[in-house]
Amino acid sequence: MELKRSEDGKALDVALIGVVDAANITEIEEAVKKELDGVTELTFDMKELEYISSAGLRFLLKMHKTMKSKGTMWIRNVNDDVKDIFRITGFLNHFNITA
Amino acid sequence: MSEKSKSRFPLRLKMVLIVIALSLMLCSVSLIMSNYRFSATNEQSFKDRAKDIANLVVLTVDGDALAAVRDKVMEIYNSVPLDEVVLSDDWGSDEFNAYLAKFESVYDMPEFKKVHEQLSKSQYLGIPTLSSVYTEVYDFERDVNNALYLVDAAPEDDACPPGVTEHVEGADWESVKDEHGQEAYITNTEMYGWLVTASAPVYDSNGNFAGLVAIDLDMNEIKANEQSFITILTVILVSLTAVISIITLVVISIMVVGPIKKLSGAASSYVSNEGTRKFSDIRINSADEIGDLSDAMKKMENDISDYVDNIAVMTAEKERVSAELGVAAKMQADMLPKNFPNLSDLKVFATMTPAKEMGGDFYDFFMTDDNHIGLVMADVSGKGVPAAMFMIVARTLLKIHSTVPGITPSEILTDVNNALCADNPSGLFVTVWLGILNLTTGELISSNAGHEYPAIMHRDGNYELITGDNMPPLAALENIEYSDETIALGKGDRLFLYTDGVPEAKAPDGSRFGADRMLEILNRGRELAPEELLGSVNQEVFDFTGDNDLFDDVTMMSVIWNGR
């Protein structure tokens, strides 16, 4: 996982890499939460994400709800495998997924 | 073995040796110091005294008479060649007597008699240690370290005869060369024992050196006194040292060794006999390091005892909780319906294999009315007690809402979703596939809230997934409108429902079981009875995960429709 915050502090880019599951989700969640103050645009880059488990989806849902009141959460660069996961779990049409 | 054979060297023995060594050192130093000081003082006072007496005796001697005796003696002595001079070392030998005979004529000199008489008056001085008074002269002419006796104060038989020639050792010779007489000196010979000798010069009427008056003071008595003083001092010091050593040892024993032995004994029995209080019974009240050590050991014992008690309580508590969780997990599994429909038209079978930790998978089936059966396959996100409790709530809500007459699966999901969202602080959600099968027509209406695609097999076809855009899981997002899908089941059609524990089962190398492998197994077992089919999929999943404990519950349901 890589975190990148814009200069004005309003945009936070989180690149999820490899596998996101119960084994590493706590670490990711804490790292993101720490940087979340004042952020109005939270973007998850899934270019290098291979798999996301239900624990990871729970985290995304939590962030989605958190950002609803503060701004927007974007998901970008979703590959086909991850897109299938979103489709099955029904989040595909409810998260803001961009190219 | 080496540990055991290590020879013991107890603290007490070490203390004894150290005290004895120190005492001996102290004794020796004080003995040497006092002996040196005592004999030095004694000797100096004797030397001073001897010198005083010599100076006193000189006054009684007629210098001219002594000079005459000296001249006579030296004349005879000088007439003897050096190699014929017989020294006093040969006293009593014939050669010595012959040599002395050469000086016989000196006895007849009136000057000799005069000086003898004058010297003999020294007995009136009343000095008991004054052992001899005599006059002598040195052979300065030939410079061969020889001293010659002139007149002795003793009566003739005891006197040292004139002409006795004595060899003077090197260093002494250098000092006697001074005509004014040498410093008093002390000798210890076999013949006379301890003597202090002092001399003073005698001058004739012209002021020329005539010879030396020498006196000997007997120091044997004073040396004997010195010896007994040292002996007494030694005895006193040794006894005193012994007493001090014993006192020190007793004190150390009581104050240090005893308490330490108590502590070490307590430590040994504590180690071999744990659980009982060993240090707390020890009474050590000294306000020093040993007292501190004792207090620290008592505290440590108490702490350990408390700690052990705590561990016992915690272990018991943990076992209780673990047992209760086991019971809860079993209850959770037992709550799932086991009375599977095995009718001519409909066969249903389902299994739930829980993972190590309590999970949130569940299946369900129930009659919604006389003609419809509800089928549920669901998976709560997360694990443990929260997931299990959430599962019970979700399952109950689904069942209750399904009993509303004429309600469709999407309506049920919409209602249950809003009910769950209303009060869901844990952020858990549950994926649900809900289908209602019309037992008369075989029409299956279903709705999918984020759940794995079910697999369907139409008669003579293969199992395939019912894909499509799912709606989000229940409890994830509020006010979702779920949608229905209708499938008409024909005779012999089969339905396979499952949770992600099947396709996402993980092999030790990290690879996943996958939906394709699942479909392949299903197709291979397309003729199997529901129990056998689930058994075969379960076996394949176990074989795939190998030694890996199941990370997720594996839940499956097989439905066979044999109606119209």
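1. The largest nonpolar core has 86 residues, and Val432(B) and Leu474(B) touch the most other members. A nonpolar core here is a set of buried Ala, Val, Leu, Ile, Met, Phe, Trp, Tyr and Cys residues joined through C-beta atoms within 7 Å. Buried means that 20 or more other C-beta atoms lie within 10 Å of the residue's own; exposed means 12 or fewer, and partly exposed is in between, with C-beta atoms placed from the backbone. The model is predicted: local features need pLDDT of at least 70, side-chain atom pairs count only at pLDDT 80 or more, and totals for chains, interfaces and linings use all residues. Residues are numbered from 1 along each chain as its sequence is written, while chains are lettered from A and ligands numbered from 1 in the order in which they are written.

2. Look next at Leu474(B). Leaving out residues up to four places away in sequence, Leu474(B) touches Ala394(B), Leu413(B), Val416(B), Asn417(B), Leu420(B), Phe429(B), Val430(B), Val432(B) and Ala449(B). Contact means C-beta atoms, placed from the backbone, within 7 Å. Another core, of 42 residues, lies apart; Val61(B), Leu119(B), Val151(B) and Ala198(B) are among them.

3. Strand E16 of chain B covers residues 554–561; eight of the eight are buried, so the strand is largely enclosed by the rest of the structure. Helices (H or I, at least four residues) and strands (E, at least two) are DSSP runs, numbered from the N terminus. Val554(B), Met556(B), Ser558(B) and Ile560(B) point one way from E16(B). Thr555(B), Met557(B), Val559(B) and Trp561(B) point the other way. In a regular strand the side chains alternate between the two faces of the sheet.

4. E16(B) has antiparallel partners. Strand E7 of chain B (residues 346–353) is joined to E16(B) by eight bridges. There, Val348(B) has Val559(B) as its bridge partner. Strand E15 of chain B (residues 493–498) is joined to E16(B) by six bridges, with Asp493(B) opposite Trp561(B). Pairing requires at least two DSSP bridges between two strands.

5. Chain B also has an open sheet of six strands, in the order E3-E2-E1-E6-E5-E4, with antiparallel pairing. Strand E3 (165–167) and strand E4 (185–189) are the edge strands, each pairing on one side only. Neighbouring strands are turned by 40° against each other on average, direction ignored. Axes are lines fitted to C-alpha atoms, for helices over the stretch in contact; angles run from 0 to 180 degrees between N-to-C directions.

6. Within this sheet, nine bridges join E5(B) (residues 193–203) to E6(B) (residues 209–218). Thr197(B) stands opposite Asp216(B). Helix H2 of chain B (residues 11–58) packs on the sheet and touches E1, E4, E5 and E6 of chain B; its direction makes about 35° with that of E5(B). Helix H3 of chain B (residues 63–79) packs on the sheet too, touching E1, E2, E5 and E6 of chain B, at about 130° to E2(B).

7. Helix H5 of chain B (residues 110–120) has these buried residues: Phe112(B), Val115(B), His116(B), Gln118(B) and Leu119(B). Seen down the axis of H5(B), they fall within an arc of 165°, so they line one face of the helix. The arc is that of the directions from the helix axis to the C-beta atoms. Their cover includes H2, H3, E1 and E2 of chain B.

8. Asp81(A) sits in helix H3 of chain A. Asp81(A) counts as exposed because it has 12 C-beta neighbours inside 10 Å.

How values were computed
Two residues are in contact if their C-beta atoms, placed from the backbone, lie within 7 Å.
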